[in-house]
Amino acid sequence: MTTDPNPKNDGNREEASLKVPSKDPKKKKDEKKEEDLSDEDLALKQQLELYVERVQDPDPGLQKVALESMRQEIRTSTSSMTSVPKPLKFLRPHYGTLKAYYETMNDSPEKKFLADILSVLALTMSAEGERESLKYRLSGSVGDIGSWGHEYVRNLAGEIAQEFAKRQMEEALVDDLMELVTQIVVFHLKHNAEPEAVDLLMEVEDLDTLVEHVDATNYKRTCLYLTSSASYLPGPDDMLVLDIAYMIYFKFEEYPSALRIALYLDNMQYVKQVFTSCDDPLHRKQFCYIIARHGVTFEIDEEITADEDEREVLQEIIYNTKLTEGYLTLARDIEVMEPKSPEDIYKVHLIDGRASAGASVDSARQNLAATFVNAFVNAGFGQDKLMTVPSEASSGGSTGSWLFKNKEHGKASAAASLGMILLWDVDSGLAQIDKYFHSNDNHVIAGALLGVGIVNCGIKNDCDPALALLGDYIDKEDSTVRIGAIMGLGLAYAGAQNEQIRKKLSPILGDAKAPLDVIAFTAISLGLIYVGSCNEEVAQAIIFALMDRSDSELGEPLTRLLPLGLGLLYLGKQESVEATSEVSKTFNEKIRKYCDMTLLSCAYAGTGNVLKVQQLLGQCAQHLEKGEIHQGPAVLGIAMVAMAEELGLEMAIRSLEHLLQYGEQNIRRAVPLALGLLCISNPKVNVMDTLSRLSHDTDSEVAMAAIISLGLIGAGTNNARIAGMLRNLSSYYYKEASLLFCVRIAQGLVHLGKGLLTLAPYHSDRFLLSPAALAGLVTFLHACLDMKSIILGKYHYVLYFLVLAMQPRMLMTVDENLKALSVPVRVGQAVDVVGQAGRPKTITGFQTHSTPVLLAAGDRAELATEKYIPLSPILEGFVILRENPEYREDR
Amino acid sequence: MPTVSVKWQKEVFPAVEIDTSQPPLVFKCQLYDLTGVPPERQKIMVKGGLLKDDADWSTVGVKEGQKLMMMGTADEIVKAPEKGPVFMEDLPEEEQVVAVGHTAGLFNLGNTCYMNSTLQCLHSVPELKSALLKYPHSGRSNELDQSSHLLTMATRDLFTDLDRNFKPVTPMHFLTVLRKKYPQFGQLHNGVYMQQDAEECWTQLLYTLSQSLKSPDSRENQETVKALFGIDLVSRVHCAESGEESSESESVYSLKCHISHEVNHLHEGLKHGLKSELEKVSPSLGRSAIYLKESRISDLPRYLTVQFVRFFWKRESNQKAKILRKVDYPLELDVYDLCSEELRKNLEGPRKILRDEESKKFGLKTSEKNTDSKENDVKMLDIEGSSNGGEPSTATNQEGVPSDKQAQFTGIYDLIAVLTHKGRSADSGHYVAWVKQDNGKWILYDDDNPTPQREEDITKLSGGGDWHMAYICMYKARVVSDMSSSSSTVGKSVDLSEAS
């Protein structure tokens, strides 16, 4: 903690030992031990006593000399905080005397001088809360504050904070304090104590001045401290802090970092400002990659660049059209292009004894599970062993043959799985799905529509193929087809805030004849498209739809999607939800609380707001009469709010453990899902163990949720331990079709994209939260709250909501022409370096790979070569490398 | 006339001219030339909408150089197969049983695991099932009492229920009838039904069935249960003191495996069990003397039941104590040396056939490698023929009680069911049944919960710890058919048909 330079101490001791022999040559060293004090100390003590006496001398000349010498003594001895410096210790008995004398003195330079000394003495003497140090400092001479040492400054800063709070209460002036604050801040910033400077400014509510004081040497550390402290700050302060960080980055032209903060603040004005201020075309491309990963819509307009070609290139990056290319490059590099069949995932041969006996007859449920597993595992690879087998071999469509091995609504999921396999590859995806459009089976058409949505998920195109293709189907007769089209639109345009789609979908919500499931999926799709937008019109439409529901409809399991659709509109928007939650109080009591909880949890999702977590925990602590279901979303809400940062996350895991022990059944069912969300794609061992235990729970719904969550925490990790657990579960539950289905889904998730994908909505060093990704996860989890009637019923395609969160967990380096470039990088566990002195290592236990490379949860990468300079401070996703002009090949 | 570029899959067709005076169908025909996709299959996307065939170009608003996207393929349209697959979920419950691969479990009605496990073991005997099916629904024969009749009926109904369901069955009716017939099974202790000895249940049930399942036309050898389970023993009773010797014969339903310190293996235990000492009055000595009784099997059953005598009455503690000693038992039991001389002679022939067959099979396998493919094919046909020959024989076996003329015993038996006990005394602990299915898989019936098991684990139930230990083992005779020399054994026929 202390940065007090040691040499000072040493110098002091030397000086003292030099002095003493000259003053007291008679005393022998042997006698020292007889007394408590050594010779030197004794001499010093006497010396100081003499000074104290002299100070009280009426002769100003003598006074001045005495004060001067006293100051000399103190200054040369300021030391660490572990021991009180000798001069101060010896002056302690005289503090009262000096204070009393000070009061009697006339205004004179000497009085100020004495005030200075008293201020320092008060550092150790002043009673708690007296703030005498500050008092004498203010009346003393305004000198260099640092000359009294670091400890003194720190103490002073503390007293200022207290004094400031007091004066604010009394509404007194604080100008004199602010002057001092400025001095201290400058001192701190100069001495590598950025956190202290920031803390002090926050205390005195004057963070704005920070921008003036930071310089090129310390702005990075300052901003790092600002950004990481933001998650622990209450109310508007966190936004303010980030705002300051943005301004500092902006001032020092650290645009990529500024952009990250702009995205965090969801401030498109700032994003645009970054673009307009940065002229470097390569940097702009990098910005586009960051925005694309974040998954927000951003239009590159003439203001940003007048050059049409550049505009097109930039827009294309934001549209994510090259994502599939990069992903496949990664897959080829890691050599996992070979398609995998569900059997490769189940690995039945590793299960002893209990291999399912005689599967002579196809089970529709198991085939459906295989469909999903196949889709998840081969997601984005463009080839698999069930849906895309080459047509020559089939002679009459063997693709069709797997499709028709699924029953009724299962066919919808099967057809849609083709979209998942061709994820992000719009061109070939649409071509392959096309044939299903001409089927005479409504389920197949619905699947094809959904598939189009999935293929286009996160990818945009000027022609808007998804809207063009799906638009005509949303008003069809058959409700399966309608749901397919509506959900497809939701997936393809999540976060797009597309006015055209809103106009098409909103009327369905008001349609009295529309079936409930169509309305529910419409609400979700609108929620996804307008995620985090606080759009009034959509909110109104959903609210009216909710009010129009009859009593019996409100009891339906799918109705829960309506409040969720509403909640998604306010995802992470905190206070903006308040008006709507007022309205929700007027709802039918069957849905009122559910709606309340959903809105609250969505609005504060990803904020880490401790108060909201407590509020939600409070809801869960109640023991209710039968039939109320709002505690489920409350439990999920805890996870949604607390997932923001690591500390809160750990605490939430512990709180959930308590809920598990004391909670009612409906809470216990939600707890595994909440754990799944907290550790998504991040298999923490303790959570894994808890879920493994719960997967054998006597309540089958708890067990199902735990199994699905095992899949979620291991999603895309290929984690061998979870895979083993699931294999054992598959033999344990071989007879229970529903549980086995869940096990299969979880197995598919663990091997998501053969281990190249992640479901984590956080990216960019776990700083940015992609709203669409979180919305997809939350929708899926809400559907899981009533597993039996939704996922195990005929709405299993809600599993495809997960596609919103799927992202390659890769680092792909590209050169200035955006072509893949292989460079060595070090990948290791990220280390938290906030507030640490010097330039500490940011990763530990690293290995050197060459890009493209996979990044696990909590991993961080850094370039292992000086040859290139990355244009993004965070090496994740696509990173443009520029050649280092100063690089010299080592000979 | 604006020119546009059209993107189709990964291809881009630059500079396609649009004749705005013609309807879009003409444009689609242009694209047909380029891509080969028929116009009706083309979907052309213009800024979030589809281009309709009869749309007006001016409303569509195509600009010079605009990019259009076309979707569509000339691929075959997916058609549903004429005959859809059959799903397990759609099947009626009886057929789901087949798919699951084993029959249903039985609910425990309060300490009735002894009965459940007994029933599961006996249920695995197809001949018994078919005999029960033939049992007349009404009109019991006069010599049979009412309760025996009811118990037989209940057994029949329960067995059919077990075959028909794949969800656990509640044997309530059977239990009531059983308790009516044998009141000792209805004993209460502290107001709860007591745990009972499975062996007693087994014996009593078989006894009742043996009474009831006598064919009305009292021809010889029609006592079904006896034909299936009855073991004929001839004994030589010998008194060492007087030198007296007599012989007697008896029929039992199970062999006892006595467990003493020397017994480590089932075979030794059986030998022990066939020897006994008894004290009776010797007519020549005029007082009671020790007689040594040595028994030999004179007639083999189709199903050999072996009971491990694990429980004995401990007088001091006044309860049935259990011997935990480990006694190994084989999956394949040869009782040849327990047989009487005559029987051995009878067995010689069939045993030779069996040996030949086995060596032939072995020889076939070795020769296969040396012979060329043509010969191989012939041999393969042979196997098929033999397996086909085998199947009808099993079929006949299952239909009714096969007479010994069709199939001859070899003295070799295969383990098909094990009833085990876990716990320290006969009236406590837990009974479960381990039964081999027709497909060769083992299933553990733990009341209502059947779970598949590995064959290795079956032989691990031999005791010596607190794990389940075998109490009653049921072996099935391996027979050779007399009619054709190429016939296979019953036990093996299944394996063969699976292999081919």
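Contact here means heavy atoms within 4.5 Å. Keep that in mind for these close-ups, which come from a predicted model.

**View 1. Where chain A meets chain B.** On chain A, 43 residues take part in the contact, and chain B brings 41.

**View 2. Charged pairs across the contact.** Four salt bridges run between chain A and chain B. One of them pairs A:Asp427 with B:Lys7, whose closest N and O atoms are 3.1 Å apart. Helix 24 of chain A (426-437) is among the helices that supply at least two residues to this side, and its nine residues are the most given by any. Sorted by class, the chain A side has 16 nonpolar, 12 polar and 15 charged residues.

**View 3. A salt bridge inside one helix.** A:Lys166 and A:Glu170 meet through their side chains at 4.0 Å, N to O. Both sit in helix 8 of chain A, four residues apart, or about one turn.

**View 4. Two helices tied together.** A:Arg721 and A:Asp689 form a salt bridge, with 2.7 Å between the closest N and O atoms. A:Arg721 belongs to helix 41 and A:Asp689 to helix 39, so the pair ties together parts 32 residues apart in sequence.

**View 5. A link between distant parts.** A:Glu701 and A:Lys788 form a salt bridge at 3.9 Å, N to O, and they are 87 residues apart. A:Glu701 is buried, at 14% relative accessible area, while A:Lys788 is partly exposed at 44%.

Terms used:
Residues are numbered from 1 along each chain as its sequence is written. Chains are lettered from A and ligands numbered from 1 in the order in which they are written. This is a predicted model: local features need pLDDT of at least 70, side-chain atom pairs count only at pLDDT 80 or more; totals for chains, interfaces and linings use all residues. Side-chain values use heavy atoms; hydrogens and water are left out. Ala, Val, Leu, Ile, Met, Phe, Trp, Tyr, Cys and Pro count as nonpolar, Asp, Glu, Lys and Arg as charged, and the others, Gly among them, as polar. Buried means under 20% relative accessible area, exposed over 50%, partly exposed in between (1.4 Å probe, protein chains only).
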